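Dear colleague,

Please find below the structure that I am handing over to you. My findings follow directly after it.

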Amino acid sequence: LFAAYLLQFSNVGCRFGTYGSLKQFFGMKQGGHSTSQWLSSVLLGAVSGSIAAVVSNPFFLLKSRFQAVGSEDVLHQHLHPSLRTAFLDIGRKQGVSGYYHGLSAFIPRVSAATAMQLSTYDMSKDIFLQSTQMKEGIPIHLAASLLSGIAVTIAMQPFDIVAVRLMNQPQNESGAALYTGPVDCCKKMVQHEGVSGLFKGITANYARFGPYCTFTFIFLEQLRLAWDRNFGV
């Protein structure tokens, strides 16, 4: 559980912080929902997600390995008595590069998720505000976050399952692995499980990301409003 806390703290904080800073730097303002502005939001989201992936990959690796323990679906498992032991063991056996095992799959995963999550939320919110009588508030934030949850789940699911399989694949003494990379992993999954294999567990994933997006954006918007009331110029 603590590994999940560390992952969310590093990943979400970096994604939202970088995205907001980039929007401010490039002068993007709320109120426009043109195709060009949406594409700009997607691009900034992808960049923010890529940076966050590099920062948080070590914690995602730890979380994935601990979650795999006891699962019949994971052929190879890494047994560690504690988070601290796991972290030190990876560094001792594999060096710094060991913490970035699976990064080639994690970057596209977080990049795609962030691009769709943040751009869909911003676009949906702007459209609701301009095309309805609804005012800025929790109902608007709830509606936009629900659509954002659907978009991010669909966009992230293939990357998610590939990243988890890469991080938990077995390696022999010579370093040979079942998958050579994310493309090879994806190819073998489609060959053996069909395209539907890439979306295995998508319903369960939305049950996780739907509420996650809802609470994240509602709390974020309330914190923004509180900040503007107390510190806004």
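The secondary structure of the chain consists of 7 helices and 0 strands, and along the sequence the pattern reads α-α-α-α-α-α-α. Please note that the model is predicted. The chain has 233 residues, of which 43% are buried.

In general, two packed helices are described by the angle between their axes and the distance between the axes.

The pair α1 and α4

Helix α1 covers residues 2-25 and helix α4 covers residues 103-131. Their axes come within 12 Å and cross at roughly 55°. An angle from 35 to 65 degrees falls between the roughly parallel and the roughly perpendicular ranges, and α1 is therefore oblique to α4. The crossing in which α1 passes α4 is right-handed. On the side of α1, the contact is made by Leu7, Asn11, Arg15, Phe16, Tyr19 and Lys23. On the side of α4, the residues are Phe106, Val110, Thr114, Gln117, Leu118, Ser119 and Asp122. Sorted by class, this contact of α1 with α4 comprises 6 nonpolar, 4 polar and 3 charged residues.

The pair α1 and α7

Helix α7 spans residues 202-231, and its axis and that of α1 come within 14 Å, with a crossing angle of roughly 60°. With that angle, α1 is oblique to α7. Here too the crossing is right-handed, as α1 passes α7. From α1, the residues Gln8, Val12, Arg15 and Phe16 take part in the contact, and from α7, Tyr212, Thr216, Phe217 and Leu220 do. By class, the residues of the contact of α1 with α7 are 5 nonpolar, 2 polar and 1 charged.

Gln117 and Ser148

Which residues does Gln117 touch, leaving aside its neighbours within four places in sequence? Gln117 is in contact with Arg15, Phe16, Ser148, Val152, Tyr212, Cys213 and Phe217. Gln117 itself lies in helix α4. Its relative accessible area is 1%, so Gln117 is buried, the limit being under 20%.

Ser148 belongs to helix α5, residues 138-167. With a relative accessible area of 0%, Ser148 is buried as well. The side chain of Ser148 reaches the backbone oxygen of Gln117 at a distance of 2.8 Å. Apart from its neighbours within four places in sequence, Ser148 is in contact with Gln117, Thr120, Tyr121, Cys213 and Phe217.

Thr180

Is Thr180 buried or exposed? Thr180 has a relative accessibility of 74%, and because the limit for exposed is over 50%, Thr180 counts as exposed. Thr180 is placed in the loop between α5 and α6, the latter being residues 182-193. Between Thr180 and Leu166 there are 14 residues in sequence and 8.8 Å in space, taken from C-alpha to C-alpha.

Yours sincerely

Key. Residues are numbered from 1 along each chain as its sequence is written. This is a predicted model: local features need pLDDT of at least 70, side-chain atom pairs count only at pLDDT 80 or more; totals for chains, interfaces and linings use all residues. Side-chain values use heavy atoms; hydrogens and water are left out. Axes are lines fitted to C-alpha atoms, for helices over the stretch in contact, and angles run from 0 to 180 degrees between N-to-C directions. Helices (H or I, at least four residues) and strands (E, at least two) are DSSP runs, numbered from the N terminus. Angles under 35 degrees count as roughly parallel, over 145 as roughly antiparallel, 65 to 115 as roughly perpendicular and the rest as oblique. A crossing is left-handed if the near helix is turned anticlockwise from the far one by less than a right angle, and right-handed if clockwise. Contact means heavy atoms within 4.5 Å. Ala, Val, Leu, Ile, Met, Phe, Trp, Tyr, Cys and Pro count as nonpolar, Asp, Glu, Lys and Arg as charged, and the others, Gly among them, as polar. Buried means under 20% relative accessible area, exposed over 50%, partly exposed in between (1.4 Å probe, protein chains only). A polar contact is a pair of N or O atoms within 3.5 Å; within protein, one must be able to donate a hydrogen and the other to accept it, and residues adjacent in sequence count only if both atoms are side-chain atoms.
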